[in-house]
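Subject: Structure for you to look at

Dear colleague,

Here is the structure I promised to pass on. Please open it alongside this message, and my notes follow below.

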Amino acid sequence: MFVTVVGGLATLCSSFALLPQILRARRDGGRGLSYGMLGLYLAGTLLWLTYGLDTGATAVAVANVIATTLVSILIVIKAMGTKARAEAPRKLRIAIDMDETIVDILPKHLRLYNEAFGENLTIADLGQKELEHFVPKDRAEATERMILDRSFFRDLPFLPEARETVKALAERHEVFIATAAMDVPTSFDAKYAWLREQMPFIPTSHIIFCGDKGALDMDVLIDDRARHFARFRGKGLLFDAPHNRDEKRYARVKDWAEVRRLLLDPEPAEAPGFLQTKTVVLETAARQ
Ligand SMILES: [Mg+2]
């Protein structure tokens with residue numbers, strides 16, 4: 001009697017051992033299972049089934065009919081999951097900076113400076129210098145303080161083609177707005193309000209107020225500040241600005257039309273260097 005009970009329990013356990021794995025594979029498509037293990041398991045159950053039938057061991061035969069059925073189901077689930085992943089469009093995870101990449105802050109900053117000090121400075125006057133570094137030293141602090149006011153960020157305009165290109169990118173890829181807001185902590189609410197109002201197609205889960213963008217786990221970072229690429233593990237694309245013209249270490253995009261050609265158009269019509277960059281980006285971005 002005892003032997004029969006033990007044998008019966010053993011048969012039940014080994015027969016249905018794959019059931020929890022089937023439930024899990026239905027969720028993840030069998031991503032963690034190897035075909036090698038599944039093939040050997042199937043061969044084993046078929047051999048035991050043959051043994052059970054040949055020797056008249058009914059319990060062994062029944063147990064392995066069940067096990068063979070379950071491992072076959074697992075193989076089918078894994079094959080379907082692999083096919084679905086292969087057919088799914090590859091999406092890049094793209095982080096995009098805000099100031100001087102999406103929004104144009106210099107004209108407003110320059111206007112405030114000119115109003116405050118009775119000057120008539122133009123963007124051309126600055127050359128490759130930032131406004132804070134161009135002005136006389138005794139005005140630098142006041143000039144910097146102008147963008148610390150929370151209202152500064154409330155009504156900034158887009159750079160040309162920024163909004164429509166980011167929207168198109170967000171429809172094709174996974175786009176995050178990553179702004180080093182820690183540089184200007186008073187800007188949090190104004191920047192958030194601007195993003196919600198001007199770019200409602202970016203969900204709040206994809207807005208990142210951060211410090212060092214090297215912490216971001218993204219395939220691409222588009223930013224006008226090269227310092228953020230130093231520890232960034234994806235592909236940095238330096239968004240052209242007068243203050244970064246001397247930076248030669250990173251691939252440069254001169255405007256949003258070029259970003260569109262690089263990341264949205266299948267065959268960039270120009271800039272062979274960026275065509276190569278695109279290949280690198282897409283190859284390293286194979287996330288399923
Ligand atoms: Mg910036």
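Predicted model: local features only at pLDDT ≥ 70, side-chain atom pairs only at ≥ 80, totals over all residues.

Residues are numbered from 1 along each chain as its sequence is written, and side-chain values use heavy atoms, with hydrogens and water left out.

The magnesium ion has as its protein donors Asp 97 (OD), Asp 99 (O) and Asp 224 (OD), at 2.1 to 2.2 Å, where donors are N, O and S atoms within 2.8 Å of the metal (3.2 Å for Na, K and Ca), and sites may look incomplete because water is not among the atoms. Asp 99, in the loop between β1 (93–96) and α5 (106–117), and Asp 224, in the loop between β4 (220–223) and β5 (235–239), are 125 residues apart and link distant parts of the chain; helices (H or I, at least four residues) and strands (E, at least two) are DSSP runs, numbered from the N terminus. Asp 99 is buried at 15% relative accessible area, as is Asp 224 at 1% (buried means under 20%, exposed over 50%, partly exposed in between, with a 1.4 Å probe and protein chains only).

A search of the whole structure finds seven aromatic pairs. Among them, Trp 48 and Tyr 51 are edge-to-face, with ring centres 5.5 Å apart and planes at 85° (rings of Phe, Tyr and Trp, the last by its six-membered ring, pair if their centres lie within 6.5 Å; planes under 30 degrees apart count as stacked, over 60 as edge-to-face and the rest as tilted).

Best wishes
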